[in-house]
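Subject: Handing over a structure

Hello,

Here is the structure I promised to pass on. Please open it first, then read my notes below.

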Amino acid sequence: MQPGRLRLMIAALAFGAIAVPAQAATVRIVMENLVISPAEASAKVGDTIELVNKDVLTHTATARNGDFDVMMPPKKTATYVLEKPGSVDYYCRFHPNMKATLKIEP
Ligand SMILES: [Cu+2]
């Protein structure tokens, strides 16, 4: 590779790092032994929540305000992209003792 080409590539990479806005993050929430952890998680609008169900039972992540209702079959992972800000309490419809809060910043 010619030195000039390499310099161009480095310049392109450096520019890319500045021009690209903060990447949307993935927030992992695990359901295991009928417990949601973490019980309180923070995320931003546009982030993906990754819901990992390690139990042999089906769980849901059901927002009390109706913003989302994600079904998780046993031993599966479901994802959901957060669309609205707010502090959302959610629970499992099948096991209402499973509760957690998700703080979604704009
Ligand atoms: Cu459940």
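A definition to start: two strands pair if DSSP finds at least two bridges between them. Strands themselves (E, at least two residues) and helices (H or I, at least four) are DSSP runs, numbered from the N terminus.

Two remarks on the source. This is a predicted model, in which local features need pLDDT of at least 70 and side-chain atom pairs count only at pLDDT 80 or more, while totals for chains, interfaces and linings use all residues. Residues are numbered from 1 along each chain as its sequence is written, and side-chain values use heavy atoms, with hydrogens and water left out.

**Overall layout**

Along the sequence the pattern is α-β-β-β-β-β-β-β-β-β. Of the 106 residues in the protein chain, 33% are buried. Buried means under 20% relative accessible area, exposed means over 50%, and partly exposed lies in between (1.4 Å probe, protein chains only).

**The open sheet**

Four strands form an open sheet in the order S2-S1-S4-S7, with mixed pairing. Strand S2 (35–37) and strand S7 (77–81) are the edge strands, and each pairs on one side only. On average, neighbouring strands of this sheet are turned by 20° against each other, direction ignored. Axes here are lines fitted to C-alpha atoms, for helices over the stretch in contact, and angles run from 0 to 180 degrees between N-to-C directions.

Strand S1 (residues 26–32) pairs with S4 in the parallel sense, over six bridges. Val 30 stands opposite Val 52 in S4.

**The copper site**

Which residues coordinate the copper ion? They are His 59 (ND1), Cys 92 (SG) and His 95 (ND1), at 1.8 to 2.1 Å. Donors are N, O and S atoms within 2.8 Å of the metal (3.2 Å for Na, K and Ca); water is not among the atoms, so sites may look incomplete. Along the chain, the donors of the copper ion follow the spacing H-x32-C-x2-H. His 59 lies in strand S5 (residues 59–63), and His 95 in the loop between strand S8 (86–91) and strand S9 (99–105), so the pair ties together parts that are 36 residues apart in sequence. Both His 59 and His 95 are buried.

Is S5 enclosed or open? Five of the five residues of S5 are buried, so S5 is largely enclosed by the rest of the structure. Both faces are covered: His 59, Ala 61 and Ala 63 sit on one side, Thr 60 and Thr 62 on the other. Thr 60 counts as buried because its relative accessibility is 0%.

S5 pairs with S6 in the antiparallel sense, over four bridges. The bridge partner of His 59 in S6 is Met 72. Strand S6 (residues 69–72) has a covered face, Val 70 and Met 72, and an uncovered one, Asp 69 and Met 71.

S5 also runs antiparallel to S8, joined by two bridges. Thr 62 stands opposite Tyr 91 in S8. The C-alpha atoms of Thr 60 and Tyr 90 are separated by 9.0 Å, and these residues are 30 apart along the chain.

**Loops and backbone details**

Most residues other than glycine have a negative phi, and most peptide bonds are trans. Here are the exceptions I noted.

Asn 33 has a positive phi near 50°. Leu 34 has a positive phi near 65°. Asn 33 is found in the loop between S1 and S2, and Leu 34 lies in that loop too. Asn 33 is exposed, with a relative accessible area of 60%. Leu 34 counts as partly exposed, at 40% relative accessibility.

The peptide bond from Ser 37 to Pro 38 is cis, with omega near 0°. Pro 38 is found in the loop between S2 and strand S3 (40–44).

Best wishes
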